[in-house]
Amino acid sequence: MRNPVTGPEASVQNMFAQSTAVLTQPSPATFERYERGGGLRSALTYVMVAAVVSAVIAAVFSFLHSDVTFFGQLFSRLIGVPVGFLMFTGAVYLIGRTLFKGTGTYPEVAYTFALFYVPISIVMTLIGIIPILGWLVSLALSLALIYFGFLAVQSSMNLRDQTQAAVTLVLAWIAQAVVGLIVTGMVGGIFAVGRAVTGN
């Protein structure tokens, strides 16, 4: 069913099949085939699957790290993964539309990015618990995220110029990093004030 704001709805099972297609046949044309297969609500549901998997794994293995806690890892992943996804895809949409007159819609951008982001991020989380090997594989998967993001920008924002697509991707990453630092600083400031007030 199509919602005029969030776009059509797709099941997680359908999205997984579409993810398999874009990962095994990477090209703007493949992404183009599926970008209207679902909308914002479907994308967020799919991203929450990745958030839950990441949160559970990070929390379960938190005992391996002295600087994190079970609940800290659990809640930071459950909140951080979807918020980070929304920030990044929102930046892609705004930058692509403002600077390069891209014609895609935000639900199309979110859905397109979710198709590759979710499976790759889940694999990164699973592999990340393996010492040394996990780090190397995670690096390779991070490069894969960049590559698929480059293709997804071309498709979802209809930016066939590769330079424009690359610039959009880089600027979106910078925007997300800056906003993330600001939010982290604000949250840290709030906790610092709270500790000062309570004397802890």
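A salt bridge here is a side-chain nitrogen of Lys or Arg within 4 Å of a carboxyl oxygen of Asp or Glu. By this rule, the count comes to three salt bridges.

Before you click, note that this is a predicted model, where local features need pLDDT of at least 70 and side-chain atom pairs count only at pLDDT 80 or more, while totals for chains, interfaces and linings use all residues. Residues are numbered from 1 along each chain as its sequence is written, and side-chain values use heavy atoms, with hydrogens and water left out.

**Stop one: R160 and E32**

Select R160 and E32: their closest N and O atoms are 2.8 Å apart, in a salt bridge. R160 sits in the loop between α6 (133–156) and α7 (162–198), and E32 sits in helix α2 (residues 28–34), so this pair ties together parts 128 residues apart in sequence. (Helices are DSSP runs of H or I with at least four residues, numbered from the N terminus.) How accessible is R160? R160 has 47% relative accessibility, so it counts as partly exposed; E32, at 25%, is partly exposed too. For these words, buried means under 20% relative accessible area, exposed means over 50%, and partly exposed is in between, using a 1.4 Å probe and protein chains only.

**Stop two: E35, R36 and E108**

Now pick R36. Its side chain meets that of E35 in a salt bridge, 3.4 Å from N to O, and R36 also meets E108 in a salt bridge, at 3.1 Å. R36 lies in the loop between α2 and α3 (40–60) and E108 in helix α5, so to speak distant parts of the chain, 72 residues apart. Shared partners join E35, R36 and E108 into one network. Buried or exposed, what is E35? E35 is buried, with a relative accessible area of 0%, and E108 is buried at 10%. R36 is partly exposed at 47%.

**Stop three: α1 against α5**

Show helix α1 (residues 12–24) and helix α5 (residues 106–128), which pack at an angle of about 85° with their axes 9 Å apart. The axes are lines fitted to C-alpha atoms over the stretch in contact, and angles run from 0 to 180 degrees between N-to-C directions. α1 and α5 are therefore roughly perpendicular, a label for angles of 65 to 115 degrees.

Next, select M15, Q18, S19, V22 and L23 in α1; they meet Y111, A114, L115, F116, P119 and I120 in α5, where contact means heavy atoms within 4.5 Å. These contact residues divide into nine nonpolar, two polar and no charged. Nonpolar covers Ala, Val, Leu, Ile, Met, Phe, Trp, Tyr, Cys and Pro; charged covers Asp, Glu, Lys and Arg; the others, Gly among them, are polar.

Key:
Helix = DSSP H or I, 4+ residues; strand = E, 2+ residues; numbered from the N terminus. Parallel < 35°, antiparallel > 145°, perpendicular 65-115°, else oblique.
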